[in-house]
Amino acid sequence: MGEISKRVRNNDGRMNLPLLTISARYGWMTQQSRFSASIAGREKKNYTLLKKHQLSYNHGNSKVAIYGTVYELTDYDEALVPKVYHSFFLTSENSSKFIESYFHTKKLDVQLRKFIASTARMDGLLNISFDDFMKVKLFAPERCEQSKISRIINLIEKLITLQQRKLEQLKQLKTAMLQQLFVDKNSKQPNLRFKNFNGNWKERKLGELYSYHNGRAHEQNQKSNGKYELINLNSISIDGTLKSCGRYINHANEILRQNDLVMILSDIAHGKLLGRVAIIPQDNKYVLNQRVALLRPTSKNINSNFMVSLINNNQRYFHKMGIGTSQLNISKSTVTESLWQVPKIKEQLVVGKFLQNSAHVINLQQSKIDQLNILKKYLLQKLFI
């Protein structure tokens, strides 16, 4: 690195340039977008002036980049970046994107690890000096090949960014539809309705629509594999989808059925998961653990695809009713006595199917992004030495 680059430091006193910081996962971000405020204050003079195509090494420790990460400045002609970063520019015919991508391969982590003078500091920075950073050795082909490698990495990153943007738009669209397709507390009919449906929705207690059962303690019988997968507090995601907790048992008295709902009864103080529900997709596969409730439809006049979205779209009630300090809990009566506006079953089926399809499209989009990230990781490993 010392043979192909030189250090960038100080600034020319201008205070009106963008203030940037490096996220190991997302790259350069404004301080405003990352921290919801500018943290530099009057200390901008202590920031480094970085120009387009120059690079910085954030030697902060994170789960994404244990030994820090390097990013090229591409979206701004000039910006102010933290002085604590090791900022530099290339002095030879080398591609800045190539150098950035090289560090993202993690192939240089072995060298970086050797330069750590001690454990991570209190501010989360690794004690890797600029001089030691300049000792990092890497293999570089001719500029023409570097450009081709950089181009393909750039293309896939842009594609990932565009697909991620599409995912966020799909999620926003679904959120907007949820607000319009359900009845709020001050009305009897939704703002947006499918054709041929009319009439008021009726207020019902959840205990009238579903029978309530508490889960049982299975801690002593849990295994890493088995016949039935446990549904515990880690099995329901923030978006109301079911995920594997990695725990199983081989024997149980009560097996969950398709279209059962499972609800989280305990959560940490923020309570974002409190009362969150997920739908069971098939019979004879899942067993309920303690602190999770089973809600089983009491008749064919209730559709769980509809109810899972209705309940998860109105979490404020359960958060408000949560009791506790370090951990919030809700009781059986809190669940069964809760009031919900529901239409007739035919409208439930249509709305439920629409929301189910929306979730499916979102899941497919997320899968596409996951596959692109796998492809990017593969290319980073194969295109570099």
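In the predicted model, strand β11 (residues 228-231) places Tyr228 and Leu230 on one side and Glu229 and Ile231 on the other, and all of these residues are buried. In a regular strand, side chains alternate between the two faces of the sheet. β11 has pairing partners in β12 and β16. With strand β12 (residues 248-249), β11 pairs in the antiparallel sense over two bridges, and Tyr228 stands opposite Ile249 of β12. With strand β16 (residues 286-288), by contrast, β11 runs parallel, and three bridges join these strands.

Ala278 in β15 is the bridge partner of Val262.

The crossing in which α7 passes α10 is left-handed. On the α7 side the contact is made by Asn305, Phe306 and Ser309, and on the α10 side by Gln348, Val351, Gly352, Leu355 and Gln356. By class, the contact of α7 with α10 comprises three nonpolar and five polar residues, with no charged residues.

Helix α10 (residues 345-382) is also packed with α5; their axes come within 10 Å and cross at roughly 165°. Because angles over 145 degrees count as roughly antiparallel, α5 and α10 are assigned to that class. The crossing of α5 and α10 is left-handed. The residues of the contact of α5 with α10 divide into 20 nonpolar, six polar and six charged.

Helix α5 (residues 143-181) has a further packing contact, with helix α2 (residues 96-104): the axes of this pair come within 8 Å and cross at roughly 65°. The class of roughly perpendicular covers angles of 65 to 115 degrees, and α2 and α5 are therefore roughly perpendicular to each other. α2 passes α5 in a left-handed crossing. From α2, the residues Lys97, Phe98, Glu100 and Ser101 meet Gln146, Ile149, Ser150, Ile153, Asn154 and Glu157 in α5. Three nonpolar, four polar and three charged residues make up the contact of α2 with α5.

Individual loop residues were also examined. Val8 lies in the loop between β1 (5-7) and β2 (20-23). Its relative accessibility is 10%, and Val8 therefore counts as buried. Val8 and His86 are 78 residues apart along the chain, and their C-alpha atoms are separated by 7.9 Å. When neighbours within four places in sequence are left aside, Val8 is in contact with Thr48, Leu49, Leu50, Gln54, Ser87, Phe88 and Phe89.

Backbone geometry was considered at two further loop positions. Most residues other than glycine have a negative phi. Asn196, although not a glycine, has a positive phi of about 75°. Asn196 is found in the loop between α5 and β9 (202-205). With a relative accessibility of 70%, Asn196 counts as exposed. Arg291 likewise is a residue other than glycine with a positive phi, near 65°. Arg291 is located in the loop between β16 and β17. At 33% relative accessibility, Arg291 counts as partly exposed.

Technical notes: Residues numbered from 1 in each chain as written. Predicted model: local features only at pLDDT ≥ 70, side-chain atom pairs only at ≥ 80, totals over all residues. Heavy atoms only, no water. Axes fitted to C-alpha atoms, helices over the stretch in contact; angles between N-to-C directions. Helix = DSSP H or I, 4+ residues; strand = E, 2+ residues; numbered from the N terminus. Parallel < 35°, antiparallel > 145°, perpendicular 65-115°, else oblique. Left-handed = near helix turned anticlockwise from the far one by under 90°. Contact = heavy atoms within 4.5 Å. Nonpolar A, V, L, I, M, F, W, Y, C, P; charged D, E, K, R; others polar. Buried < 20%, exposed > 50% of the residue type's maximum accessible area, 1.4 Å probe, protein only. Pairing = 2+ DSSP bridges.
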